[in-house]
Amino acid sequence: MDLLTSAQMRAVERDAIDADTVTGLELMERAGRGVVDAVLAQWPELAQTSHHAVILCGPGNNGGDGFVVARLLKQRGWEVEVFLFGDADRLPADARKMHDLWVQIGEVSAMTPAAAGLGQRPALLVDAVFGTGLSRPIPRDCALSFQAVARRTDKAIIHMRVVAVDVPSGMDADSGAVLLPPCPGGDAEQVAQWQAEVQPYNLPCDLCVTFHRAKPAHYLSEVGENRPVIVDIGLPEGRAVADMLPLSKLSGDGRVRLICPATGAQGSNVAAWLKKTAYSHLRGGHKYDRGHALILGGGTGHGGAARLAARAALRVGAGLATLGVPHEALAENAAQLNAIMLREIGDATALAKTLEGDRLTALCIGPGLGVGQGREQDVRDLVAAALAASDLPQGKRRYVLDADALTAFRDDPETLFAMLHEACVLTPHEGEFARLFPDLAERNRHQDCSIPPMSKVEAVQRSAKRAGCTILLKGPATVIASPDGTVSIHAALYDRRADWLGTAGAGDVLAGMITGLMANGRAGGHIHQIVEVAAYLHIEAARSFGAGLIAEDLPEELPKVFRAIGL
């Protein structure tokens, strides 16, 4: 499923209106109706009788949607209070029309904390203040008005549901970041006061309702307790996404793809997707057709990470897996391996010799190699030797660089980038990403929280372009980007959360899964898609196992996942 940035969404709406396919008023009416329908579907008890609602409307078209919601709830017999931030005379034309329709049946009050907090706590609070077009922090009075409504209690405690229209006000629709006023300098007390002041600026919600397509922010962070509801407001597809405003100048086709094929009517058939992308060996073939994965391991007492990666590579579909370790670690690993083969690889020269043939189709370098054991130069030499043997008769040998293979180049990332090619995949977490791409790291993306920050999506796109290979930046919202601009988000959020995946070795298993899938020569050149598959299966294995998970459980859960999706 494609996600749309705020600029792309505006382009879709503009195209439809310019083509006389739909009017702005029709879109606004459908949006407001969609919000009401989503609310009643989420909480059916609210449809049984009338209730009290407070609608906070902003100065743009998001506010216009709020006026529609107010009118439709009023028509259902609800008690509705409406507060407007700004001047009605300065509303956009369509929003002003919806404002005028509302004032025929109800009042509009100025949005101030004092006014908004006078009434009793409602059953429903609708945040229609700022939507996808937000480019600055929401004003203080908007946030405090929200809090005045939300916090007020009466003798009877009323359970209040909060609904955000498009995105929670204060959130950048493209990056998922909360736009906050700049932090002033000063002592700890002043900073603490500032933090308390800006805390309400992102308006929390129980349900987020958006239109036509989800936006990147919805899957870069959780915008509520539930997955956002996407309302069809009758927009035609119009121009291809590729012809619209791209995510950034580096974007290949302008698309941001959401990897979640098991959910929603727009989802792909998971089994068919996997068969096409990486499991062509299910139609038969020799084990070498499925590929031979080599995983490099560290010295004595440090082989666990590489063994996890090797086990994952074999389980996920590689025909063969070999663990290459120094001489002193052979006995330790031999005692723990059966289906995984073992080879002595003690230095770069031995690795180069091992790679002289063409049967080793994919390598995993990094888990447990031992940078912290004074082997940084040894690791750099191993990476260089591995990448120098990239050429195979059938194309490029494929590589996954993780953990120590990335950390070893923290002081000289350009040397690493010069050796990489399009058949390589880097799998950093935020700390490793920051060492390789300090200017694109999270701490620098959010230096000035008063302006829309560079999104995680664009940061990973830029890093993939710079490194010349596919990059998977790990996290609850994992972002995958390739040098041609292709970008995907894999969100382990909402109903797909797997908090227990935060356990030692889980990242090593993911690296091994990518390696095992890439080892398959029949999978063609779809490196990006294969990485998407691995990210998806990684989370599915964790969710299938459940709480109590440790990294060793992930590869062993894969057969159950495969059966569940029809493989």
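## A first walk through the model

In this structure, 11 strands form an open sheet with mixed pairing, in the order β1-β9-β20-β19-β18-β17-β16-β13-β10-β11-β12. Its edge strands, each pairing on one side only, are β1 and β12 (341-344). Two strands count as paired if DSSP finds at least two bridges between them. Helices (H or I, at least four residues) and strands (E, at least two) are DSSP runs, numbered from the N terminus.

This is a predicted model, in which local features need pLDDT of at least 70 and side-chain atom pairs count only at pLDDT 80 or more, while totals for chains, interfaces and linings use all residues. Residues are numbered from 1 along each chain as its sequence is written, and side-chain values use heavy atoms, with hydrogens and water left out.

Let us stay with the sheet for a moment. Strand β16 (residues 398-401) pairs with strand β17 (residues 424-426) in the parallel sense, over 3 bridges. Here Y399 has C424 of β17 as its bridge partner. Helix α10 packs on the sheet and touches β10 (292-296), β11 (320-325) and β13 (360-365). The direction of α10 makes about 170° with that of β10; such angles run from 0 to 180 degrees between N-to-C directions, with axes fitted as lines to C-alpha atoms, for helices over the stretch in contact.

Now to strand β5 (residues 124-128), where 5 of the 5 residues are buried. Buried means under 20% relative accessible area, exposed over 50%, and partly exposed in between (1.4 Å probe, protein chains only). In a regular strand the side chains alternate between the two faces of the sheet. Both faces of β5 are covered, with L124, V126 and A128 buried on one side and L125 and D127 on the other. The strand has parallel partners: β2 (residues 52-57), over 5 bridges, and β6 (residues 161-165), over 4 bridges. V126 is the bridge partner of I55 and also stands opposite V163 in β6.

Two helices can be set side by side, with the expected span taken as 1.5 Å times one less than the number of residues.

| Helix | Number of residues | Expected span | Distance between end C-alpha atoms |
|---|---|---|---|
| α21 (residues 553-564) | 12 residues | 16 Å | 17 Å |

Helix α1 has S6, A7, Q8, M9, A11, V12 and A16 buried. These buried residues pack against β1 (2-3) and β7 (207-211), where contact means heavy atoms within 4.5 Å. Just after α1 comes D20, with a positive phi of about 60°.

In α21, the buried residues are D553, L554, P555, E557, L558, V561 and F562. They lie on the same side of α21, because they cover an arc of only 165° around the axis; the arc is that of the directions from the helix axis to the C-beta atoms. Their cover includes α10 (304-316), α19 (506-519) and α20 (527-545). After α21 comes G566, whose phi is positive, near 90°.

Is A405 buried or exposed? A405 is buried, with a relative accessible area of 0%. This residue sits in helix α14 (residues 404-407). Leaving out residues up to four places away in sequence, A405 touches I365, G366, V379 and V383. A405 and V383 are 22 residues apart along the chain, and their C-alpha atoms are separated by 6.9 Å.
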